[in-house]
Amino acid sequence: GEKGGRVLVQTFSPDHPAIVAATRHDYLSFAAGELPARQLLCYPPFASMIRLVIRGPLENTTGEFAAQLAASLHKAIAELELIARVLGPAPAPIAKLRGAFRFQIQTQALDGGKLREAVRRATIDLKAPDDVLWIADVDPQAMM
């Protein structure tokens, strides 16, 4: 922005290219290093990603529902003949938060419209157990 500012960053990796570029206000260097890796891994902005987060008070029940959701997603992807990557279900990076166990499913595809349709088909009639909640985060900004 027009006004200067001050930012404090706590990190174990002060030499990480993203941190170095940020301290230099060097977006072009950051983008030159980051964008090829994102393209290679089919991450946004080159592909679409949807992260499903499932949480509930009982680890087994929550994990079983996450597995059921993943199976439904695989079926929907096959029906749409979509080329997609599905990772999980697996414990989320923060596996338990505020008393709830958390699992995640990450799916990526070049065709964002078909990927959203696959998630819609996989979840339209899916009934979660009591106290189990889930969300779909399209092109997530954070993965925690």
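This is a predicted model: local features need pLDDT of at least 70, side-chain atom pairs count only at pLDDT 80 or more; totals for chains, interfaces and linings use all residues.
Visitor: How do strands pair in a sheet, and what is the strand order here?

Guide: Strands of a sheet pair through backbone hydrogen bonds, either parallel or antiparallel. Here strands are DSSP runs (E, at least two residues), as are helices (H or I, at least four), numbered from the N terminus. Two strands pair if DSSP finds at least two bridges between them. In this model four strands make an open sheet in the order β2-β3-β1-β4, and the pairing is antiparallel. The edge strands, β2 (84-97) and β4 (133-138), each pair on one side only. Neighbouring strands are turned by 20° against each other on average, direction ignored.

Visitor: How many bridges join β2 to β3?

Guide: Eight bridges join β2 to β3 (residues 100-109). Across that pair, R85 stands opposite Q108 in β3.

Visitor: Which helices pack on the sheet?

Guide: Take contact as heavy atoms within 4.5 Å. Axes are lines fitted to C-alpha atoms, for helices over the stretch in contact, with angles from 0 to 180 degrees between N-to-C directions. Helix α3 (residues 59-79) touches β1 (48-56), β2, β3 and β4, and its direction makes about 15° with that of β3. Helix α4 (residues 112-123) touches β1, β3 and β4, and its direction makes about 25° with that of β1.

Visitor: Is F101 buried or exposed?

Guide: Buried means under 20% relative accessible area, exposed over 50%, partly exposed in between (1.4 Å probe, protein chains only). F101 is in strand β3. F101 is buried because its relative accessible area is 18%. Leaving aside neighbours within four places in sequence, F101 has contacts that include I54, P57, L58, T62 and A95.

Visitor: Where is there a nonpolar patch on the surface?

Guide: Patches use residues with over 30% relative accessible area and no salt bridge; like charges are joined within 9 Å, and nonpolar side chains (Val, Leu, Ile, Met, Phe, Trp, Tyr) within 5 Å. Areas come from the Shrake-Rupley method with a 1.4 Å probe; for residues, only the protein chains shown count as cover. Y27, L28 and F30 form such a patch, with about 360 Å² of accessible area together. L28 belongs to helix α2 (residues 27-40). L28 counts as exposed because its relative accessible area is 66%.

Visitor: How many salt bridges does a search of the whole structure find?

Guide: Side chains of opposite charge can pair when their charged atoms come close. The cut-off is a side-chain nitrogen of Lys or Arg within 4 Å of a carboxyl oxygen of Asp or Glu. The search finds four. One of them joins R38 and E34, with the closest N and O atoms 3.1 Å apart. R38 and E34 are four residues apart in helix α2, so about one helical turn separates them.

Visitor: Which residues are joined into one network by shared partners?

Guide: Start with E117 and R121, whose closest N and O atoms are 3.0 Å apart. R121 also meets E79 (3.8 Å, N to O). That pair links distant parts of the chain, with E79 in helix α3 and R121 in helix α4, 42 residues apart. Salt bridges that share partners join E79, E117, R120 and R121 into one network.

Conventions:
Residues are numbered from 1 along each chain as its sequence is written. Side-chain values use heavy atoms; hydrogens and water are left out.
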